[in-house]
Amino acid sequence: MEIWHRNRRAIAPDAGAGLTWVKRTEARSAITSRMDYDIAIVGGGPIGLAFARSLAGFGLKLAIIERQPLAALARPDYDGREIALSQRSVRILDDLGVRHLLPPGGVASLAAAHVLNGGAKRALVLDPARRRRELGKMVSNQDLRRALFEGVAGQDGLDWLVERDVEGIAFEPASAALSLNDGRTLRTPLVVAADGRLSQTRQAFGLGAEMNALGRSMLVVKVAHEHDHGQIATEWFDHGQTLALLPLQPRQSSFVLTLGDREIRELCALPPAALAAELERRSKRRWGSITLLSEPFRYPLVTTFAHRFVAPRAALIGDAAVGMHPVTAHGFNLGIQGQATLARQLAESARRGSDLGDLRPLRRYEQRHRLLCRPVFEATNHIVSLYTDERPHARALRGALLGLGARTRLPRTMIGTMLA
């Protein structure tokens, strides 16, 4: 096991070694002084890292519990996923002091988005709100994770407990006791789950969730193509398939194809040249010839929405709270906004010397984040349902809706508001 704490690195010789952390001199309440940590964060993905960074400077002792080794977090592998950052998310990354850690050549402009239906040549254009030159930025999940890790690597008061799993959680009136798979028990006033849409920690909290396995998967692959994308993202609801082209560098994009699970498995097994030819065929050579720049990645589609985002001494953030369908690219953006909302509530509790596990500020976070997420979640699911329905009346309806959108300002206004 490796433990990172304060501004130095300590490596425990084996999994049974005693935890070591730096003594703190800040004044504490009687309850907090008996705890191992002020907040335990389960999950070291992008949202868990952003949450830890959001709490920097408030005198809190934090632990990130993560099953992966530290090296995998510091140098994450490329996983094919490219993240469309809204303007609001870009500002949050600035506030966290990590945006400058993204590689300059790895950040691309997202100028606008086009939505196509079937064989229609006319696209619904989603452009920025007035006075904005772009919708947002495109950045790889790999680079985003690396930047967020670098942002918290030397953070004061933060310990990493890596290669660890939480095997059980016991909630008591004044604390939560986490049983780890190395036999330890850690006590904290608050546990925050950031371990994904299939969160085992959410289950341990006793919080149920709406879960919908869609029976479809995405093939994601980085490609080079003949015709320039103009920094425009394209979402194409074609008959029997959904295509997306997410612009990266000039004539380079992330190609996303959604089909049934078996079809995607078969496509992923093709040799690179054969897969490139198949992507050209399926896209009707809209972007000309295609060459693969990465291996293909397959992601089964599952959406989740937790029944509750909080419980006494427990909170959910990121995909553990809301796992979005990726078609509208809202998943990461909602997640980073949600962690910022929770962090603000907890920072205020810390400033007042209040119990961090108090349910009242946690419920304020829940109310605000549900109000933000629920309409987007429902709208996205309805869009996916309508635009993957191949019955004649559904085809007619979706064509009419896109036509209406193309003739009005409403879609542009909605996108501008969401991405502001």
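Among the contacts in this chain between residues at least 6 apart in sequence, 72% join residues at least 24 apart. Keep in mind as you explore that this is a predicted model. Here is a short tour, from the whole chain down to single residues.

**The whole chain**
- You can find eleven helices and 23 strands here.
- The chain has 420 residues, and 54% of them are buried.

- Helix α1 (residues 46-54) packs against helix α4 (residues 141-152) at an angle of about 30 degrees, and their axes are 9 Å apart.
- Angles under 35 degrees count as roughly parallel, so α1 and α4 are roughly parallel to each other.
- Their crossing is left-handed.
- On the α1 side, the contact involves P46, L49, A50, A52 and R53, while α4 brings N141, R145, L148, F149, G151 and V152.
- Sorted by type, the residues of this contact are seven nonpolar, two polar and two charged.

**Two arginines to look up**
- Most residues other than glycine have a negative phi.
- R285 has a positive phi, near 55 degrees, and is not a glycine.
- Look for R285 in the loop between α7 (272-282) and β19 (290-292), where its relative accessible area of 43% makes it partly exposed.
- R313, also not a glycine, has a positive phi of about 65 degrees.
- The loop between β21 (310-311) and β22 (314-316) holds R313.
- Buried means under 20% relative accessible area, so R313, at 6%, counts as buried.

Definitions and conventions: Residues are numbered from 1 along each chain as its sequence is written. This is a predicted model: local features need pLDDT of at least 70, side-chain atom pairs count only at pLDDT 80 or more; totals for chains, interfaces and linings use all residues. Side-chain values use heavy atoms; hydrogens and water are left out. Helices (H or I, at least four residues) and strands (E, at least two) are DSSP runs, numbered from the N terminus. Buried means under 20% relative accessible area, exposed over 50%, partly exposed in between (1.4 Å probe, protein chains only). Contact means heavy atoms within 4.5 Å. Axes are lines fitted to C-alpha atoms, for helices over the stretch in contact, and angles run from 0 to 180 degrees between N-to-C directions. Angles under 35 degrees count as roughly parallel, over 145 as roughly antiparallel, 65 to 115 as roughly perpendicular and the rest as oblique. A crossing is left-handed if the near helix is turned anticlockwise from the far one by less than a right angle, and right-handed if clockwise. Ala, Val, Leu, Ile, Met, Phe, Trp, Tyr, Cys and Pro count as nonpolar, Asp, Glu, Lys and Arg as charged, and the others, Gly among them, as polar.
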